[in-house]
Amino acid sequence: MSMPIGQIAKNLRAVRERIAEACLRVARDPREVTLVAVTKTFPLCYIQEAWEAGQRDFGENRPEEGAPKIEAMTRWLAEQEGGGATGCCRPTWHMIGHVQRRKAGLVVAHFDLVHSVDRLKLAQKLSRLALEADRQLPVLIECNVSGEVTKYGYQLAGWQERPELLQSFVEEMAGLVALSGLEVMGLMTVAPWLDD
């Protein structure tokens with residue numbers, strides 16, 4: 001993977017401009033939108049360039065790939081003049097991929113927000129590990145509203161015609177919200193790809 005120096009900064013500017021234009025169309029403040037740069041499969045030098053261009057939120061979809069990058073980025077920031085690896089000037093790391101229960105420890109140890117809590121057993125393990133680490137882990141509950149079999153999440157496609165889906169989801173959500181090691185921040189959904 002090769003990209004000319006400065007291309008990441010240029011791409012970020014273009015994306016931020018598109019976000020600002022979209023926000024303007026719907027009378028929304030662009031500062032309310034969080035741009036998460038997905039860094040899966042990209043080397044550390046690209047993350048560093050994005051950081052230097054002002055990007056602060058990064059997403060990984062595999063804990064075992066993300067953890068070493070997060071550690072390396074923390075070291076790099078500590079070496080930078082005034083970078084401060086632990087203060088307000090550190091990236092926010094998003095776990096955006098499917099999480100296997102056996103990798104939950106890596107997620108709790110390295111990530112700031114999990115977008116993909118898709119089952120109660122995973123939530124229970126994340127909560128337990130977060131409490132052991134003396135933290136509360138912010139999470140989003142993943143919901144499959146498109147019905148696509150390739151997507152994870154609570155199956156909610158067609159909930160309007162099948163209210164029992166929504167009822168069982170609400171009941172399980174009550175259990176998730178009660179887990180003291182987690183802070184449920186909302187839902188994560190991916191809309192179906194449609195022609196319109």
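**A pocket and a pair of helices**

Let's start with the lining of the largest pocket: by class, 13 of its residues are nonpolar and 2 are polar, while none are charged. Keep in mind as you look around that this is a predicted model.

Of the 15 residues lining the pocket, Ile 8, Leu 12, Ala 37, Val 38 and Ala 50 are the closest to its centre.

Now see where the lining comes from. Three elements each put in at least two residues: the helix α1 (7-25), the strand β1 (37-38) and the helix α2 (44-52). The largest share belongs to α1, which gives 4 residues to the lining.

Next, turn to the two helices themselves. The axes of α1 and α2 come within 9 Å of each other, and they cross at roughly 50°. At that angle the pair is neither roughly parallel nor roughly perpendicular, so α1 and α2 count as oblique to each other. As for handedness, their crossing is right-handed.

Which residues meet where α1 and α2 touch? On the α1 side you'll find Gln 7, Ile 8, Ala 9 and Leu 12, and on the α2 side Tyr 46, Glu 49 and Ala 50. Sorted by class, the residues of this contact come out as 5 nonpolar, 1 polar and 1 charged.

Note on methods:
Residues are numbered from 1 along each chain as its sequence is written. This is a predicted model: local features need pLDDT of at least 70, side-chain atom pairs count only at pLDDT 80 or more; totals for chains, interfaces and linings use all residues. Side-chain values use heavy atoms; hydrogens and water are left out. On a 1 Å grid over the protein atoms alone, a cavity is a set of points where a 1.4 Å probe fits but cannot get out, and a pocket is an open set with protein on both sides within 12 Å along at least five of seven lines; lining residues have an atom within 4 Å of a point. Ala, Val, Leu, Ile, Met, Phe, Trp, Tyr, Cys and Pro count as nonpolar, Asp, Glu, Lys and Arg as charged, and the others, Gly among them, as polar. Axes are lines fitted to C-alpha atoms, for helices over the stretch in contact, and angles run from 0 to 180 degrees between N-to-C directions. Angles under 35 degrees count as roughly parallel, over 145 as roughly antiparallel, 65 to 115 as roughly perpendicular and the rest as oblique. A crossing is left-handed if the near helix is turned anticlockwise from the far one by less than a right angle, and right-handed if clockwise. Contact means heavy atoms within 4.5 Å.
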